[in-house]
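I opened the model to look up a few contacts and backbone details. My notes follow in the order I took them.

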Amino acid sequence: MASGVAVVLAGGGAAAHGLTGKGGAGDGAGSDGSADVPAQLRRLLPEKYVALISLDIGRPHGALRETVKRVRAAAEPDTSVGFALGATLFEPAKSIPHQLKEMPHFTGDLLDPVMSHGDVLAHVASDKAAAVQKTVEHIRKTTSPHWTVRWHINGSRPANRVENGRGLARNPFHFTEGFGNPGTERESLDRALTSADQGEPRWAVGGSYQVVRIVRFATDLWDKDSAREQERIIGRRRDGVWLDGTPADEQPNFAADPTGRLTPLDSHVRLAAPDRRTPPPIVRRSYNYDRGNGDTGIIFSCFQRDLAQGFEAAQKRLEGEPLAKYLLTTGGGYFFVPPPGDEWIDTLS
Ligand code: HEM
């Protein structure tokens, strides 16, 4: 399928999640997908360009409503705007999604507080770079007594496309990412959206925990390794084909390679998803960034209904992996994406 074609995650799965939000006027300025799914997850193929803008708003009465209104008003045509909420917004911790907390330091992280956390994360996305850029400028120029921009980063997805139901893009290490994501809309939403039986506050049902990690890549060092060495570190070929020759969209036979002769046991994919029958319950939708002066890498972003079983379990398994020496995580945060509609604003204001 051609890049830029809007592949929509329709609303069918949302009903299964017991969504009761009002829908409609919610998070999508110029959205082209189902109003039952948060803007960040509405399209199977993420938009080609994104800006993440972290705002500190404190908790004065009305600040949240005003912030959402002004950010939505700043959106250019052809952009979608979504919001995610940081733990600091819930102080005191009333009505907080029960797993939401400040993102901890993981081994090897060098989190810069100036590029981490925040009360509200605005997610501005479009297939047009200029539309994202202009929206960011409008937001930066908006004088609000309520917010300060804490941090901001732009991202893009080169070679953005859908193959066999999965959104794929090329990362700065020359590898294609996205194969390990679910191949159906239903499975994506099941992994990403909280459901009514999880004991979350009512307003948070049908939302999603979002993890953002700004990961700088040592591309010079990486490029000194041969393609074969790189592929053994990742555990797939650059084009996604498995090291035992299995096509990219089929399951490899790890059981036939118990010692890791073909696919090393400490390769990224074997550690990330050791049991092929139960894949990690996360949906990855990352963007590349390039801030000049060699500061390039990935805005790793993933969505899940359960933070501990999702990102945190996979991150723990990946600790100390051979890929880690090429990576430095410098920022990001844990956020909660509210369900569509404005019920969350009414509840939290
Ligand atoms: C930031 C640096 C990272 C790079 C360069 C990277 C790269 C890749 C690549 C190339 C693949 C194979 C293609 C695919 O399935 O998408 C992959 C798979 C995967 N990665 Fe990462 N990744 C990174 C970080 C992470 C993190 C932080 C997590 C989670 C904590 C993670 C979880 C996964 C999972 C679950 C898979 C799918 C495994 C499978 O089903 O085979 N990755 N990654």
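**Ligand shell.** I began with glycine 180: one of its polar backbone atoms is 2.7 Å from an oxygen atom of the ligand. I call a pair of N or O atoms within 3.5 Å a polar contact; within protein, one must be able to donate a hydrogen and the other to accept it, and residues adjacent in sequence count only if both atoms are side-chain atoms. Arginine 284 puts a polar side-chain atom 3.0 Å from an oxygen atom of the ligand. For histidine 268, I read 2.9 Å between a polar side-chain atom and a nitrogen atom of the ligand. Strand 7 (176-177), strand 8 (208-217), helix 7 and helix 8 (308-318) are the elements that give two or more residues to this shell. Helix 8 has the largest share, 4 residues. I take helices (H or I, at least four residues) and strands (E, at least two) as DSSP runs, numbered from the N terminus.

The whole shell comes to 26 residues, with Gly178, Gly180, His268, Arg276 and Arg284 the closest. I sorted the shell by class and got 16 nonpolar, 6 polar and 4 charged residues. Here Ala, Val, Leu, Ile, Met, Phe, Trp, Tyr, Cys and Pro count as nonpolar, Asp, Glu, Lys and Arg as charged, and the others, Gly among them, as polar.

**Ground rules.** This is a predicted model: local features need pLDDT of at least 70, side-chain atom pairs count only at pLDDT 80 or more, and totals for chains, interfaces and linings use all residues. Residues are numbered from 1 along each chain as its sequence is written, and side-chain values use heavy atoms, with hydrogens and water left out.

Which protein atom is a donor of the iron atom of the ligand? I found NE2 of His268, at 2.1 Å, as the only protein donor. Donors are N, O and S atoms within 2.8 Å of the metal (3.2 Å for Na, K and Ca); water is not among the atoms, so sites may look incomplete. Histidine 268 sits in helix 7 (residues 268-272).

**Whole chain.** I count 9 helices and 12 strands in the protein chain. Of its 349 residues, 54% are buried. Buried means under 20% relative accessible area, exposed over 50%, partly exposed in between (1.4 Å probe, protein chains only). Among contacts (heavy atoms within 4.5 Å) between residues at least 6 apart in sequence, 76% join residues at least 24 apart.

**Cores.** The largest nonpolar core holds 51 residues, and Leu64, Leu85 and Trp344 touch the most other members. Helix 2 gives the most to this core, with 5 residues. A second, separate core of 22 residues includes Leu41, Ala125, Trp151 and Ala192. By nonpolar core I mean a set of buried Ala, Val, Leu, Ile, Met, Phe, Trp, Tyr and Cys residues joined through side-chain atoms within 4.5 Å. In soluble globular proteins, nonpolar side chains tend to be buried together. I listed the contacts of leucine 64, leaving out residues up to four places away in sequence: Ile57, Leu85, Leu89, Val120, Trp344, Leu348 and Ser349.

**Threonine 67.** This residue is in helix 2 (residues 63-74). Is threonine 67 buried or exposed? Threonine 67 counts as buried because its relative accessibility is 1%. Its side chain reaches the backbone oxygen of alanine 63 at 2.7 Å. Beyond four places in sequence, threonine 67 touches Leu55, Ile57, His146 and Trp147.

Arginine 157 lies between strand 4 (148-156) and strand 5 (161-163). Arginine 157 is buried, because its relative accessibility is 4%. Its side chain makes a polar contact of 2.7 Å with the side chain of asparagine 160. Beyond four places in sequence, its contacts include Glu47, Lys48, Arg285 and Tyr287. Alanine 159 is in the loop between strand 4 and strand 5. Its phi is near 55°, a positive value in a residue other than glycine. Alanine 159 is partly exposed, at 33% relative accessibility.

**Other backbone notes.** Asparagine 164 is not a glycine, yet has a positive phi of about 50°. The loop between strand 5 and strand 6 (166-170) holds asparagine 164, which is exposed at 53% relative accessible area. I also logged a cis peptide bond between glutamate 91 and proline 92, with omega about 5°. Proline 92 is in the loop between strand 2 (80-85) and strand 3 (120-126).

Conventions:
A residue is near a molecule or strand if one of its heavy atoms lies within 4 Å of it.
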